[in-house]
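The following paragraphs lead a new reader through one protein chain. Please keep the sequence and the model in view while reading.

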Amino acid sequence: MVSTAEQHDLETDTSQAKPPASANERNWRFFGDVALIICIVLMLIWPWTFFIAVKEANGIQMSNKLSDYVGQHPHQVATIVTLIGTVNRLIATILFGQAVVRLGQELIARDSQLESPKSTVFGISALLAFRHMTLVWGVNQWRNLCRRRSRLAVVALLLASLVALALIPSGTANLITPVEFNKAAELRGAELDFTADDPSCKAWFYRNQVSNDCGWKPNTNFTTCLGESQMVDVLDSGRGNMLSTMEPEAGIDTTSSLSQLGGIRFLGSAKGVLPTGPDGVPAFDSLDTQGNPFKNPVVRDGMVSYNYTLAQQGLESIVNCSYNDTSSILSDAFPDLNSTILIVSSGKCEAAEGQPLLEVLQDARYPTLNTNNTMTYWACKRSASQEPNNPTYIVYLQGRGNYAKSIGNVTCTVSAIRARDFDVTYQFVPPVPGFFTSQVTSHVEEASQRPTYDSFTDGLFIGLGRIFWEGQNWDSNLVAEAVFSSGVKNFNTSPHEKSDRSLKLFEAMIQGMIQYQATYSRLIYSLGPDLNDSHPPPACFRAINGTASYSVRGWFIDNLGAQAGLLIPMFLINLTSLSLIFACCIMGQFRYTSNIDVTDSMSLMSVLVVDGREETDGKIEWNHKVRYGIECRRG
């Protein structure tokens, strides 16, 4: 403050209106205001533009490299986000402070035109407080502040501004922090329909039915039969079905890895499904490209985890086994061989329970090793006139040597063999390898399921016979030993005696093997026709529908109200800054009469209290009017 002795002369100097600034100065200050407005507008719109863009896109996926960095360096990402939030608050504070300075300049210009200024001591202190965003009043001054509501309102606005500025880093961080979020998509495709009743379709299936002679399909990595190279997969499928059906103790791996199908893994058995999609059997991804996120390399590479479910056609069956005193299996000496080391295994399909049985293996004769642990196989089926929609097959097993005591004669009834819709789900959550599960589609009624054509189901049991035959070696039968080892390890059964538990395991084993055979049969048909045949008619296909859910890293609005609410403080601060600048433009009409920064320390030294001190014995009060007596020049 200037001294009292100089007050009169300075009042005389400042009572005259100051001339407008020069044209050059006005231009510079006008451009300064425009730049300030542009900066404030950018600060106003960028958070909400980003917010709306993320919301409308249902999340924005970041680039793969950036996603990998976020996953590997979460603490560094948090530091960067915090820094950006702090810088954002600093910019908002600076812009708000410049708006306050401009307001002070226009107030000084207004007072210079008046004989009695309107600015007060409290008004100047309030500008100083908002300019530096701090409480400039000491504790002993709070009593005077509380005497008037208008002053309390100013203090309340200051405190609210401080809170709003303090929330800007939180709002910024909440908006720009990359997160892991889920997205969904619909999937569509097609697969062969083994229940199609179109005559042209049935004719195509019959012409291209699976042969019992093994050979490599030209230009593929698959054989054209249901045995030999598939042995390991068939046994693994049966093992997985045994463990999943019998619900063994926790901690036991019930997945089966099918190497001949590209190494895909099933929880339990495949249930006759040929899994398609990005993680199904290689070269059998029949899903449409449109709307499929797995067809987009950028989206696919950025997936952290994902799962998809497709409604596909599989095979339903019920297997019931029992011990019998007799068997339909016949064992004869090998022709022209003077040794008992080899026998010829065959069988006969005689009437059972008064119902005639039909041949399935077509008079097949299996040369079999006659060892101390030999198991033979035969299969028959009931006539179509008896069960036109649900063909029932009879499987006969017979143990020889040591197996006569642990297996004996087993008869298994495989009924209700028909196509069924399954929800086939692939789950991939690193670091655990992905796997498939097949569950019966609950919303499809059982009565709506149709049987498959008979050559398809007959082929399953022909292939099953090859597995039993090829699984016999000098020491044991691989199928029998898979059942015995599973029973010993998981259910404490004896491998040397018959038991109900062993029968249940045989049921699950046979069911799992049949289901794998159905899966591989679908694969053989899907490989395409022989060279002399045409492709399947359109009637042979059925639609596949499903959904995909995948997790990616990027920006996502998961709580609309909370995230929008945290942006409001920043919005209000910037909106206030913009309002102050517009108010200054209206008040000054771009004359730019004053260039004094009322919050600058040198400017404060020129403040004059022009009236009211006589009534308070020279003591300065909040309501005393003030005027800036001189212009301060920097430098």
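Of the contacts in the chain with a separation of 6 or more, 75% are between residues 24 or more positions apart. The model is a predicted one. The chain contains 16 helices and 16 strands, and 49% of its 635 residues are buried.

The mean pLDDT of the chain is 83, with 87% of the residues reaching 70 or more. Residues 1-18 have a pLDDT below 50, and beyond near neighbours in sequence this stretch makes 27 contacts in the model. A pLDDT below 50 is also found over residues 631-635, a stretch with 9 contacts beyond near neighbours in sequence. Where pLDDT is low, predicted coordinates should not be read in detail.

Helix 2, residues 23-56, and helix 4, residues 74-112, have axes that come within 11 Å and cross at roughly 140 degrees. The crossing in which helix 2 passes helix 4 is left-handed. On the side of helix 2, the contact is made by Arg-29, Asp-33, Leu-36, Cys-39, Ile-40, Met-43 and Trp-46. Helix 4 contributes Asn-88, Ile-91, Ala-92, Leu-95, Gln-98, Ala-99, Arg-102 and Gln-105.

The next topic is the disulfides. A disulfide is a covalent bond between the sulfur atoms of two cysteines. The model has 3 disulfides. One of them joins Cys-201 to Cys-540, with an S to S distance of 2.1 Å. This link of Cys-201 and Cys-540 is right-handed, with 140 degrees about the S-S bond. The pair connects distant parts of the chain, 339 residues apart: Cys-201 belongs to helix 8, residues 199-207, whereas Cys-540 lies in the loop between helix 14 (500-526) and strand 14 (541-555). Cys-201 has a relative accessibility of 0% and so counts as buried. Cys-540 likewise is buried, its relative accessible area being 0%.

Helix 8 also holds Ala-203. At 31% relative accessibility, Ala-203 counts as partly exposed. From C-alpha to C-alpha, Ala-203 and Pro-537 are 10.0 Å apart in space, although 334 residues separate them in sequence.

Another disulfide joins Cys-321 to Cys-412, with 2.0 Å from S to S. Because the torsion about the S-S bond of Cys-321 and Cys-412 is about 105 degrees, this disulfide is right-handed. The pair also links distant parts of the chain, with Cys-321 in strand 5 (residues 303-324) and Cys-412 in strand 12 (residues 409-429), 91 residues apart. Both Cys-321 and Cys-412 are buried.

Cys-349 and Cys-380 form a disulfide as well, and their sulfur atoms are 2.0 Å apart. What is the handedness of the link between Cys-349 and Cys-380? The torsion about its S-S bond is about -90 degrees, so this disulfide is left-handed. Cys-349 lies in the loop between strand 7 (342-347) and strand 8 (357-359), and Cys-380 in strand 10 (residues 373-382), so the pair ties together parts that are 31 residues apart in sequence. Cys-349 and Cys-380 are both buried.

Cys-584, by contrast, takes part in no disulfide. The nearest cysteine sulfur belongs to Cys-585 and is 6.9 Å away. Cys-584 counts as buried because its relative accessibility is 1%.

A last stop is Ser-486, which is found in helix 13, residues 478-491. Is Ser-486 buried or exposed? Its relative accessibility is 7%, and Ser-486 therefore counts as buried, the limit for that class being under 20%. Leaving aside residues up to four places away in sequence, Ser-486 touches Met-242, Leu-243, Phe-491 and Leu-505.

Definitions and conventions: Residues are numbered from 1 along each chain as its sequence is written. This is a predicted model: local features need pLDDT of at least 70, side-chain atom pairs count only at pLDDT 80 or more; totals for chains, interfaces and linings use all residues. Side-chain values use heavy atoms; hydrogens and water are left out. A disulfide is a pair of cysteine sulfur atoms within 2.5 Å. Helices (H or I, at least four residues) and strands (E, at least two) are DSSP runs, numbered from the N terminus. Buried means under 20% relative accessible area, exposed over 50%, partly exposed in between (1.4 Å probe, protein chains only). pLDDT is the predictor's confidence in each residue, from 0 to 100. Contact means heavy atoms within 4.5 Å. Axes are lines fitted to C-alpha atoms, for helices over the stretch in contact, and angles run from 0 to 180 degrees between N-to-C directions. A crossing is left-handed if the near helix is turned anticlockwise from the far one by less than a right angle, and right-handed if clockwise.
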